[in-house]
Amino acid sequence: MTIDSGHMTAIMGPNGAGKSVLLRLLHGLIAPTEGEILWAGRTLDRQLARRQAMVFQRPVLLRRSVAANVSHALGLRGIVRPERAIRVDETLKLAGLEAYASTPARVLSGGEQQRLCLARALSLEPDVLFLDEPTSSLDPTSTLAIERLLLGAQRRGIKVILVTHDIGQARRLARDVVFVHHGRVIEHQDSEGFFEQPKSDGARAFLNGGIVL
Ligand SMILES: Nc1ncnc2c1ncn2[C@@H]1O[C@H](COP(=O)(O)OP(=O)(O)O)[C@@H](O)[C@H]1O
Ligand SMILES: [Mg+2]
């Protein structure tokens, strides 16, 4: 499978298909037993992985303030203190959470927490951003806020690769769709083609909401 830069890529498929495993492989959280992962021709290593960021389905936050959650992540990437303060402000503004800077992160609503996680990932200015079903437990308004942030990230040149079960979301955001089933990439094509004329029986059944054998 080859993924182009520049536009958003959606990874879709039934539960247990291997979408999360694929994302973890691409980000180097687990190592492949076969095959290899190349980023612009270079084997994925620690240094490359540090140029990437990942957002999970459930918000992962420290028991600290909203601002401290962003600051901590920046500190881990070696951003020095004065620069950190500026980036924390920018990040909270981006997420619309300026008013909550000193609020404990865990007090935020689910949608706000996920927005914080996404903005924190963006504050690292990654080359690639992975998201694993980032809006599957959010309401439509919170989902839209996340999608807006993703479109903004894409405009700034960040490659976004997202796992989603939301067909509307994939249509709105993605240029291409990777369809995974039984641990394999079954098809990979333009999203328009994928949704209008899926090539595989598996994808057809998946899109019709049927049972995917
Ligand atoms: N590190 C791993 N190595 C091999 N198999 C794994 C690993 N982690 C999870 N699995 C298995 O791979 C399958 C796909 O899981 P997953 O990627 O989580 O599916 P989903 O498409 O729902 O995200 C599951 O059967 C899971 O148990
Ligand atoms: Mg998964």
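Helix α1 (19-27) contributes four residues to the lining of the largest pocket, the most of any element, where helices (H or I, at least four residues) and strands (E, at least two) are DSSP runs numbered from the N terminus. The model is a predicted one, in which local features need pLDDT of at least 70 and side-chain atom pairs count only at pLDDT 80 or more, while totals for chains, interfaces and linings use all residues. Residues are numbered from 1 along each chain as its sequence is written, and side-chain values use heavy atoms, with hydrogens and water left out.

**Pockets**

- The largest pocket has a volume of about 690 Å³, a pocket being an open set of points on a 1 Å grid over the protein atoms alone, where a 1.4 Å probe fits, with protein on both sides within 12 Å along at least five of seven lines; the volume is the space filled by probe spheres set on the points, which are joined across faces, edges and corners.
- Its lining, defined by an atom within 4 Å of a point, comprises 23 residues, and Met-1, Leu-22, Leu-25, Glu-36 and Ile-37 lie nearest the centre.
- Two or more lining residues of the largest pocket come from each of α1, β2 (38-39) and β8.
- By class, the lining of the largest pocket holds 15 nonpolar, five polar and three charged residues, with Ala, Val, Leu, Ile, Met, Phe, Trp, Tyr, Cys and Pro counted as nonpolar, Asp, Glu, Lys and Arg as charged, and the others, Gly among them, as polar.

- Arg-84, found in α4 (residues 81-95), counts as buried at 17% relative accessibility.
- Leaving aside residues up to four places away in sequence, Arg-84 touches Ser-71, Leu-74, Gly-75 and Ile-79, contact meaning heavy atoms within 4.5 Å.

**Sheet**

- Six strands form an open sheet of mixed pairing in the order β4-β5-β6-β1-β7-β8, two strands being paired if DSSP finds at least two bridges between them.
- Because β4 (52-55) and β8 stand at the edges with a single partner strand each, one side of each is left without a neighbour in the sheet; the twist averages 15° from one strand to the next.
- Strand β1 (residues 9-12) pairs with β7 in the parallel sense over four bridges, and Ala-10 stands opposite Val-177 in β7.
- Helix α5 (residues 110-123) packs on the sheet, touching β4 and β5, and its direction makes about 175° with that of β4; axes are lines fitted to C-alpha atoms, for helices over the stretch in contact, and angles run from 0 to 180 degrees between N-to-C directions.

- Most residues other than glycine have a negative phi.
- Glu-133 has a positive phi, near 45°, in the loop between β5 (128-132) and α6 (140-155), and is buried at a relative accessible area of 13%.
- His-182 has a positive phi of about 50° in the loop between β7 (176-181) and β8 (184-190), and is exposed (over 50%) with a relative accessible area of 61%.

Conventions: Chains lettered and ligands numbered in written order. Buried < 20%, exposed > 50% of the residue type's maximum accessible area, 1.4 Å probe, protein only.
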